[in-house]
Amino acid sequence: MTPIPPPVDHIRSVTEAYLARHPEERDSLTLLFAALAGTDAPTSRKTYPAHVTCSAILIDGHRRVLHIVHKASGKLLAPGGHNELADRHLRDAALRELHEEAGIPPSAVVPLSGYEDVPLDIDVHTIDANLSKDEPTHHHVDFRWAFHLGAEHAVTLQEEEVDGYEWRPFATAASPTVRAKLALLT
């Protein structure tokens, strides 16, 4: 079977399920809806001015979130990145990135209850131009999927892309939108 990226219908249905919980965020996703209406694949890293990425919000037993230091940006972020052809669903991309960047396999995590098919957060952020990759300034529409660390597992960093990691309490999660949504969890 030939790998295919997540279809537009899947992305649209996940987005609508998310907006059913957060209708006030519809206007902030204008770039996503434009990408979904375009002719280019919305998950392709070459779709401009915006394309879809996915991240894993990994929560441990002490109500902390895993953050990694990306070498490219120097920022402390959730593990995540671009979709690949083999990622049939958006959540699959988040799980693959978690495994690739932090060494934590999908078998060691469990989706956050109530968020099995809906991301905890969708964020739109600007990415600076990268002339070495022939990329203009563009936007990532990041689908942030929440998981519990279900089994004790050590973090093993992908040294090519990642410099370090940190477990942060909910109140100090790097993303303000994730921090606000985590604060609502019981």
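**Exercise 1. State the chain's mean pLDDT, then find where confidence is lowest and highest.**

Solution. This is a predicted model, where local features need pLDDT of at least 70, side-chain atom pairs count only at pLDDT 80 or more, and totals for chains, interfaces and linings use all residues. Residues are numbered from 1 along each chain as its sequence is written, and side-chain values use heavy atoms, with hydrogens and water left out.

- Step 1. Take pLDDT as the predictor's confidence in each residue, from 0 to 100.
- Step 2. The chain's mean is 92, and 98% of its residues reach 70 or more.
- Step 3. Helices (H or I, at least four residues) and strands (E, at least two) are DSSP runs, numbered from the N terminus.
- Step 4. Confidence is lowest in strand β3 (residues 76-77), with a mean of 92. Helix α1 (residues 8-21) has the highest, 97.

**Exercise 2. Describe strand β1: is it mostly covered or exposed, and which strands does it pair with?**

Solution. 

- Step 1. Sort the side chains. A50, V52, C54, A56 and L58 point one way. H51, T53, S55, I57 and I59 point the other way. Both sets are buried. In a regular strand the side chains alternate between the two faces of the sheet.
- Step 2. Two strands pair if DSSP finds at least two bridges between them.
- Step 3. β1 and β7 (residues 138-149) run parallel, joined by 10 bridges. I57 has A146 as its bridge partner in β7.
- Step 4. β1 and β4 (residues 80-82) are antiparallel, with three bridges. Here G80 of β4 stands opposite S55.

**Exercise 3. Give the volume of the largest pocket and name the elements that line it.**

Solution. 

- Step 1. Work on a 1 Å grid over the protein atoms alone: a pocket is an open set of points with protein on both sides within 12 Å along at least five of seven lines, and lining residues have an atom within 4 Å of a point.
- Step 2. Grid points are joined across faces, edges and corners, and a volume is the space filled by probe spheres set on the points.
- Step 3. The largest pocket holds about 1,200 Å³.
- Step 4. It is lined by 42 residues; H70, S73, L77, I127 and H140 are the closest to its centre.
- Step 5. Elements giving two or more residues to this lining are β1, β2 (64-70), β3, β4, α3 (90-102), β6 (121-127), β7 and α4 (176-183).

**Exercise 4. Which arginine lies over the face of Y115?**

Solution. 

- Step 1. Apply the rule: NZ of Lys or CZ of Arg within 6 Å of the ring centre and within 35 degrees of the ring normal.
- Step 2. R21 lies over the Y115 face, 4.6 Å from the ring centre.

Technical notes
Buried means under 20% relative accessible area, exposed over 50%, partly exposed in between (1.4 Å probe, protein chains only). On a 1 Å grid over the protein atoms alone, a cavity is a set of points where a 1.4 Å probe fits but cannot get out, and a pocket is an open set with protein on both sides within 12 Å along at least five of seven lines; lining residues have an atom within 4 Å of a point.
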